[in-house]
Amino acid sequence: MSRSSSISCLLHCHDSANVRAIFEASNDAVVFTDADRRILWCNRPFEMLLGYPLADVRGTVLDTLYRRFDDDHAAEKHLFDSLSQASGSGYPMTYIHKTGVAVETTTIGWSLTESDASVVGHIKILHDRTETNRLERARRRLFRISTEQKSTPSEKIEELLALACEFLMMPIGLVSLLDEEEKLCIHQAKSTLTPILTGGTYNPGDTDCARVLASRCFHEYHEAPQCRPHPLVPYIGVRSYVGVPLFIGTACEGTLNFLNPLPRLALGRSEREMVTAISEVIAFQIALDRHTRTLERAATEDWLTGASSSRQFRHDLEAIFRTVRRNHSTASLVLFDIDHFKSINDSYGHDMGDRVLSEIAALVRANLPPRLRLYRVGGEEFAIILPGSQADNGAILAEQIRQRLTMPNEGWDDLPSVTASFGVAALDPDITCADAWMKCADVALYASKNSGRNRVTSNGTIAGVDIPSLAPPSSKKVYSKVTEEIFGKKSAQKPSEVTGT
């Protein structure tokens with residue numbers, strides 16, 4: 001006979017004392033109530049589950065121990081209660097422990113009846129599911145975070161740290177990765193106790209992370225007799241610690257740590273498995289972020305020089321053009337080309353040509369103002385976009401770079417002498433598209449080439465060559481005035497040129 005069938009027989013024997021004796025030694029929490037749900041008796045497991053001795057709750061309506069429900073939940077609870085009394089099935093019910101903590105249960109209820117079927121009392125058996133439900137909620141949340149398509153790896157790691165800290169009831173969570181000096185660098189952190197900045201480093205030997213890294217195993221302690229010092233919480237210390245190694249591929253590259261200045265109970269097997277699962281998802285997100293960044297660099301960065309790629313240049317040129325037109329602001333574009341670069345390749349070989357390109361790109365990038373990018377737009381052709389600037393700003397920057405290339409530079413002793421020609425184009429109001437803007441700068445560049453190279457030319461009437469139809473007529477007039485203002489009215493040069501030495 002099944003357990004349910006046996007209990008059903010007892011419930012109809014009209015002798016609640018005998019039934020109570022049966023449940024006295026039960027491991028399940030059992031409570032008897034009268035027809036009005038006032039508690040008559042409960043066993044020891046019930047007292048331990050909710051924290052109330054029988055003397056404190058005898059005569060109390062059992063419903064007062066339920067968690068408060070809104071109207072919908074109350075109706076749902078009433079439905080489950082009615083069904084359970086009729087069929088002996090279980091339903092979820094949350095009670096409130098004496099300390100105020102919620103106790104989640106599966107509750108089974110039966111009614112004690114007289115021969116005329118009138119109800120004289122109820123029996124309820126409570127199965128504690130608090131920990132089981134907590135684990136299930138954490139697993140569902142972990143699955144939701146790890147499968148979310150819109151979040152970035154960094155956002156997911158932030159959510160995972162919040163989940164783990166909440167699950168372990170520990171205020172500090174750290175993702176730390178080993179740097180080149182074998183120090184741990186804080187990749188991301190979650191703290192409700194004290195601010196912890198990402199990017200900071202600490203010596204693993206000063207913490208329990210050293211044991212985690214050495215053993216490559218889960219490590220924890222929870223009842224240190226006194227607070228252990230920790231470099232990230234120097235004035236607080238740690239009495240409870242959980243550490244898990246982070247494996248990216250087959251290499252152990254850091255740790256997932258949780259700190260608490262207060263002691264707590266040791267983790268159970270399910271909790272350790274949950275923390276390990278979280279660490280695996282975090283390690284995967286770090287690897288994914290690295291891979292994504294590598295792909296982004298391949299698409300946006302020139303492999304040889306480290307300058308931004310031509311693809312990135314087209315993207316930024318279009319974006320800045322739209323921004324300038326929308327905000328009625330200004331911008332200028334600088335193009336420059338290495339003079340006689342083919343002869344360098346022919347005379348010294350392509351390896352030297354590659355080195356010349358790399359050295360020039362490094363020098364220009366080192367001398368650019370913050371937030372400006374150098375782009376490699378062709379073989380030996382580079383570009384710089386200057387948002388918010390006029391042609392004079394572009395011409396001044398171009399001239400500074402031109403002069404810098406002709407000066408002695410550290411590490412260039414074995415390089416052939418190098419010069420460059422520059423073309424500058426302001427984004428005038430009549431320029432209708434990004435391609436037209438590019439064409440203006442391109443024509444200015446080739447005017448520098450045709451005028452002897454190693455010089456800066458702005459768009460306008462360039463060395464006697466008319467601007468193509470893509471450039472607005474107004475651009476043919478403005479640069480004579482700009483050049484006079486920058487280089488002086490008595491300059492012997494043509495007004496649209498800045499001639500190199």
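Me: At about how many degrees to strand 10 does helix 9 run?
Reply: Helix 9 lies across strand 6, strand 7, strand 9, strand 10 (240-248) and strand 11. Helices (H or I, at least four residues) and strands (E, at least two) are DSSP runs, numbered from the N terminus. Axes are lines fitted to C-alpha atoms, for helices over the stretch in contact (heavy atoms within 4.5 Å), with angles from 0 to 180 degrees between N-to-C directions. Against strand 10, helix 9 runs at about 40 degrees.

Me: What pLDDT do local features need in this model?
Reply: Residues are numbered from 1 along each chain as its sequence is written, and side-chain values use heavy atoms, without hydrogens or water. The model is predicted: totals for chains, interfaces and linings use all residues, side-chain atom pairs count only at pLDDT 80 or more, and local features need pLDDT of at least 70.

Me: Which strands stand at the edges of the six-strand sheet?
Reply: This open sheet has the order 8-7-6-11-10-9, with antiparallel pairing. Two strands pair if DSSP finds at least two bridges between them. Each edge strand has a single partner, so one side of each is left without a neighbour in the sheet. The two are strand 8 (201-202) and strand 9 (219-221).

Me: Which residue stands opposite Ser 176 in strand 7?
Reply: Strand 6 (residues 172-178) and strand 7 (residues 184-191) run antiparallel and are joined by seven bridges. Helix 7 (residues 153-168) also lies across this pair and across strand 11 (251-260), at about 60 degrees to strand 7. Opposite Ser 176 stands Ile 186.

Me: In what order do the strands of the five-strand open sheet come?
Reply: The pairing in this sheet is antiparallel. Strand 2 (39-42) and strand 3 (90-96) are the edge strands, each pairing on one side only. Neighbouring strands are turned by 35 degrees against each other on average, direction ignored. The order is 2-1-5-4-3.

Me: Which helix packs on the sheet at strand 4 and strand 5?
Reply: Nine bridges join strand 4 (residues 102-113) to strand 5 (residues 119-128), and the two run antiparallel. Ser 111 stands opposite His 122 in strand 5. The helix touches both strands, and its direction makes about 130 degrees with that of strand 4. It is helix 6.

Me: How far apart are the closest N and O atoms of Arg 139 and Glu 136?
Reply: Both residues lie in helix 6 (residues 130-147), three residues apart, about one turn of the helix. Arg 139 counts as partly exposed at 35% relative accessibility, and so does Glu 136 at 32%; the cut-offs are buried under 20%, exposed over 50%, partly exposed in between (1.4 Å probe, protein chains only). They form a salt bridge (a side-chain nitrogen of Lys or Arg within 4 Å of a carboxyl oxygen of Asp or Glu). The closest N and O atoms are separated by 3.0 Å.

Me: With which residue does Glu 273 form a salt bridge?
Reply: Glu 273 is partly exposed at 43% relative accessibility. The closest N and O atoms are 3.2 Å apart, and the partner is Arg 269.

Me: How many residues apart are Arg 314 and Asp 435?
Reply: These two form a salt bridge, with the closest N and O atoms 2.5 Å apart. The pair links distant parts of the chain: Arg 314 is in helix 10 (residues 310-327) and Asp 435 in helix 14 (residues 434-450). Arg 314 is partly exposed at 30%, and Asp 435 is partly exposed at 44%.

Me: How many salt bridges does a search of the whole structure find?
Reply: Some share partners: Glu 131, Arg 134, Arg 264 and Glu 271 are joined into one network that way. The search of the whole structure finds 26.

Me: Which residue stands opposite Val 424 in strand 16?
Reply: Strand 15 (residues 420-426) and strand 16 pair in the parallel sense over three bridges. From strand 16 (residues 455-458), Arg 455 and Thr 457 point one way, Val 456 and Ser 458 the other, and all are buried. Opposite Val 424 stands Ser 458.

Me: Is Leu 397 buried or exposed?
Reply: Leu 397 lies in helix 13 (residues 391-406). Not counting residues up to four places away in sequence, Leu 397 touches Leu 368, Pro 369, Leu 372, Ile 384 and Leu 386. Pro 369 is 28 residues away in sequence, yet 9.4 Å away in space, C-alpha to C-alpha. The relative accessibility of Leu 397 is 7%, so Leu 397 counts as buried.
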